[in-house]
Amino acid sequence: MTEIIEKIKDIAVEISDAIKTKDTGYADTCNISGDIQVKLDVISDDIVEKHLSCVNSVNEIISEEKEEPVKFNENGKYLVAYDPLDGSSLIDVNLSVGSIFGIYKGDYSGENIVAAVYVVYGPRLELVVARDNVELFRFNEKTQNFDYIREIKLNEKGKILGPGGTQKCWYPYHKEMIDNLFKEGYRLRYSGGMVPDLHQILLKGGGLFAYPGTTDKPKGKLRKLFEVFPFAYVFNKAGGLAIDGENDLLKLSYQGFHDTTPCFFGSNYEIEVVLNTYKGRK
Ligand code: AHM
Ligand code: MG
């Protein structure tokens with residue numbers, strides 16, 4: 001496990017460098033979910049595969065950009081599911097983006113995740129590791145190493161709200177819930193990149209990020225294996241909660257590698273509000 005996390009640090013530095021130096025344009029290809037890929041999605045996926053293929057404990061990997069898993073070592077204990085460059089369509093406007101990794105034992109169901117790591121490519125390069133607790137690291141340009149910064153813990157209640165999905169397709173009860181939270185004093189913090197949006201909630205002590213089911217996408221947009229389970233693990237370990245409206249996200253299984261689910265990540269107070277809104281509605 002430690003070896004995988006160390007490799008992710010090397011991956012983060014290499015992807016960060018690619019973001020700064022390579023063409024930010026679109027590729028001529030779509031991924032399995034039908035998203036048009038940018039060239040950096042493909043480059044980042046190759047960087048991750050190259051590094052993880054050298055780790056003996058990695059049995060296989062699967063990513064948002066791959067249709068099927070790639071097998072490395074059948075004696076390896078761990079499976080790694082990752083999104084190499086989440087929010088890549090924001091790179092051309094120079095907003096922050098990220099990489100997300102879930103490390104699993106057995107299969108890729110939410111209950112089998114044993115660690116999660118995400119990387120934020122922002123004004124500074126940061127990395128968050130969730131195992132027994134959640135720890136923030138920042139890349140130090142002088143030493144070329146990641147310095148430990150602090151533990152991340154959520155408060156009972158936050159002040160910010162990241163409401164995703166196409167608003168005209170929100171269900172009326174969802175809209176009412178969001179409106180009420182704004183009336184309560186929550187402030188809008190939404191960039192369209194789930195990594196920086198969730199990172200902000202985690203570092204500012206709490207709040208709510210929602211990517212609900214909508215009339216156009218009843219099962220939401222965000223993928224269980226590559227985006228949802230890793231962040232659900234992070235929020236649980238940081239003292240918050242992550243649900244699909246009704247159930248703990250980490251209790252969900254998957255049918256296909258690229259399955260999506262509605263998702264809500266937050267501190268305890270906001271998740272209680274979501275549970276009360278969604279009770280009996282799913
Ligand atoms: P991506 O993996 O193709 O980048 O998509 C995931 C991103 C998330 O970072 C973000 O929360 C969401 O898509 C926003 O999507 P949209 O603008 O389509 O609502
Ligand atoms: Mg993604």
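**Where the first ligand sits**

From which domains does the shell around ligand 1 draw at least three residues each? The shell takes at least three from domain 1 (1–151) and at least three from domain 2 (160–278), with the domain bounds coming from an automatic or database domain assignment. This is a predicted model, in which local features need pLDDT of at least 70, side-chain atom pairs count only at pLDDT 80 or more, and totals for chains, interfaces and linings use all residues. Residues are numbered from 1 along each chain as its sequence is written, chains are lettered from A and ligands numbered from 1 in the order in which they are written, and side-chain values use heavy atoms, with hydrogens and water left out.

In total, 16 residues surround ligand 1, and the closest are Glu 64, Asp 86, Gly 87, Met 194 and Tyr 211. A residue counts as near a molecule or strand if one of its heavy atoms lies within 4 Å of it. By class, the shell holds 5 nonpolar, 4 polar and 7 charged residues. Here Ala, Val, Leu, Ile, Met, Phe, Trp, Tyr, Cys and Pro are nonpolar, Asp, Glu, Lys and Arg are charged, and the others, Gly among them, are polar. Two strands, β5 (78–86) and β13 (207–211), supply at least two shell residues each. Helices (H or I, at least four residues) and strands (E, at least two) are DSSP runs, numbered from the N terminus.

**Polar contacts to ligand 1**

Let's look at the oxygen atoms of this ligand. One lies 2.6 Å from a polar side-chain atom of Tyr 211, and a backbone N or O atom of Gly 87 is 2.7 Å from an oxygen of ligand 1. The side chain of Lys 221 also takes part, with an N or O atom 2.9 Å from a ligand oxygen. On its own, ligand 1 has 470 Å² of accessible area, and the protein covers 79% of that. Such areas come from the Shrake-Rupley method with a 1.4 Å probe; for residues, only the protein chains shown count as cover.

A polar contact is a pair of N or O atoms within 3.5 Å; within protein, one must be able to donate a hydrogen and the other to accept it, and residues adjacent in sequence count only if both atoms are side-chain atoms.

**The magnesium site**

Ligand 2 is a magnesium ion, and its protein donors are Glu 64 (OE), Asp 83 (OD), Asp 86 (OD) and Glu 227 (OE), at 1.9 to 2.6 Å. Along the sequence these donors follow the spacing E-x18-D-x2-D-x140-E. Glu 64, in the loop between β3 (58–63) and β4 (70–71), and Glu 227, in helix α5 (residues 224–237), are 163 residues apart, so this pair links distant parts of the chain. Donors are N, O and S atoms within 2.8 Å of the metal (3.2 Å for Na, K and Ca); water is not among the atoms, so sites may look incomplete.

Both Glu 64 and Glu 227 are buried, where buried means under 20% relative accessible area, exposed over 50%, and partly exposed in between (1.4 Å probe, protein chains only). Helix α5 is largely enclosed by the rest of the structure, because 12 of its 14 residues are buried. Among them are Lys 224, Phe 226, Glu 227 and Tyr 233. After α5 comes Gly 239, with a positive phi near 90°.

Asn 59 lies in strand β3 and is buried, at 10% relative accessible area. Its side chain reaches the backbone oxygen of Glu 74 at 3.3 Å.

His 258 belongs to the loop between β14 (241–243) and β15 (263–266). At 15% relative accessibility His 258 is buried, and its side chain reaches the backbone oxygen of Lys 66 at 2.8 Å.

**Positive phi in two loops**

Asn 94 is not a glycine, yet has a positive phi of about 60°. Its place is the loop between β5 and β6 (97–104), where Asn 94 is exposed, with a relative accessible area of 69%.

Gln 144 likewise has a positive phi of about 60° without being a glycine. This residue sits in the loop between β9 (134–140) and β10 (145–151), and at 47% relative accessibility Gln 144 is partly exposed.

Asn 180 is part of helix α3 (residues 172–184) and is partly exposed at 35%. Asn 268 lies in helix α6 (residues 268–278) and is partly exposed at 23% relative accessibility.
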